[in-house]
Amino acid sequence: ASDDLRADKDVVLAAVRGKGLALKHANVNLRADKEVVLEAVRKNGFLLRFATYNLRDDKEVVLEAVGECGGSLEYASNRWRADKEVVLEAVRNHGWALQDASENLREDKDIVLQAVRTHGSAVEYAGSSLRADKEVVLVAARE
């Protein structure tokens with residue numbers, strides 16, 4: 001598409017609603033537009049990677065992204081990778097998202113238990129004290 005079309009909000013919104021990946025080709029101003037980015041991450045959370053930093057640092061946008069695909073936590077700002085609510089949502093959806101959580105949250109038993117309930121092998125990303133925790137290991141072994 002032409003630069004003019006990639007900068008046209010109506011065109012980009014329609015494209016994102018049809019195929020979220022269109023965000024990748026949108027003008028940078030539209031990758032900074034919350035409405036456009038929310039539409040995209042609702043279709044595919046991994047599209048958070050194409051949003052501007054300000055939106056990767058927006059809790060509403062990040063929660064939508066990790067709710068659709070927990071692995072998109074990788075593209076969230078460090079602030080949200082250290083936020084218990086955001087990380088719980090991510091690991092509820094995709095246990096391996098634990099690898100992108102802050103070190104402190106990898107030591108949080110609630111988060112680690114949720115991660116290993118989703119994917120038992122996510123235990124490898126838990127903090128060392130929780131990798132040695134009997135309850136965590138038992139839950140991981142069942143998954």
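Tutor: A nonpolar core is a set of buried Ala, Val, Leu, Ile, Met, Phe, Trp, Tyr and Cys residues joined through side-chain atoms within 4.5 Å. Keep that in mind for what follows, and note that this is a predicted model.

Student: How many residues does the largest nonpolar core have, and which have the most contacts inside it?

Tutor: In soluble globular proteins, nonpolar side chains tend to be buried together. Here the largest nonpolar core has 45 residues, and Leu-23, Leu-48, Leu-73 and Leu-98 have the most contacts inside it. At least two residues of this core come from each of α2, α3, α5, α7, α9 and α11.

Student: Take Leu-48. Which residues is Leu-48 in contact with, leaving aside neighbours within four places in sequence?

Tutor: With those neighbours set aside, Leu-48 contacts Val-41, Leu-55, Arg-56, Val-61, Val-62, Ala-65, Ser-72, Tyr-75 and Ala-76.

Student: How do I read a single helix? Which residues of α2 are buried?

Tutor: An α-helix has 3.6 residues a turn, so residues three or four places apart point the same way. In α2, which spans residues 9–18, the buried residues are Val-12, Leu-13 and Val-16. Seen down the axis of α2, these buried residues fall within an arc of 100 degrees, so they line one face of the helix. Asp-10 and Gly-18, on the other side of α2, are exposed. The cover over the buried residues of α2 includes α1 and α3.

Student: What caps the N-terminal end of α2?

Tutor: Asp-8 does: one of its side-chain oxygens lies 3.0 Å from the backbone nitrogen of Asp-10.

Student: Now a loop residue. Where is Asp-33 found, and is Asp-33 buried or exposed?

Tutor: Asp-33 sits in the loop between α2 and α3. The cut-off for buried is under 20% relative accessible area. Asp-33 has a relative accessible area of 18%, so Asp-33 is buried.

Student: Which residues does Asp-33 touch, not counting those up to four places away in sequence?

Tutor: Asp-33 touches Lys-9 and Leu-55.

Note on methods. Residues are numbered from 1 along each chain as its sequence is written. This is a predicted model: local features need pLDDT of at least 70, side-chain atom pairs count only at pLDDT 80 or more; totals for chains, interfaces and linings use all residues. Side-chain values use heavy atoms; hydrogens and water are left out. Buried means under 20% relative accessible area, exposed over 50%, partly exposed in between (1.4 Å probe, protein chains only). Helices (H or I, at least four residues) and strands (E, at least two) are DSSP runs, numbered from the N terminus. The arc is that of the directions from the helix axis to the C-beta atoms. Contact means heavy atoms within 4.5 Å. A polar contact is a pair of N or O atoms within 3.5 Å; within protein, one must be able to donate a hydrogen and the other to accept it, and residues adjacent in sequence count only if both atoms are side-chain atoms.
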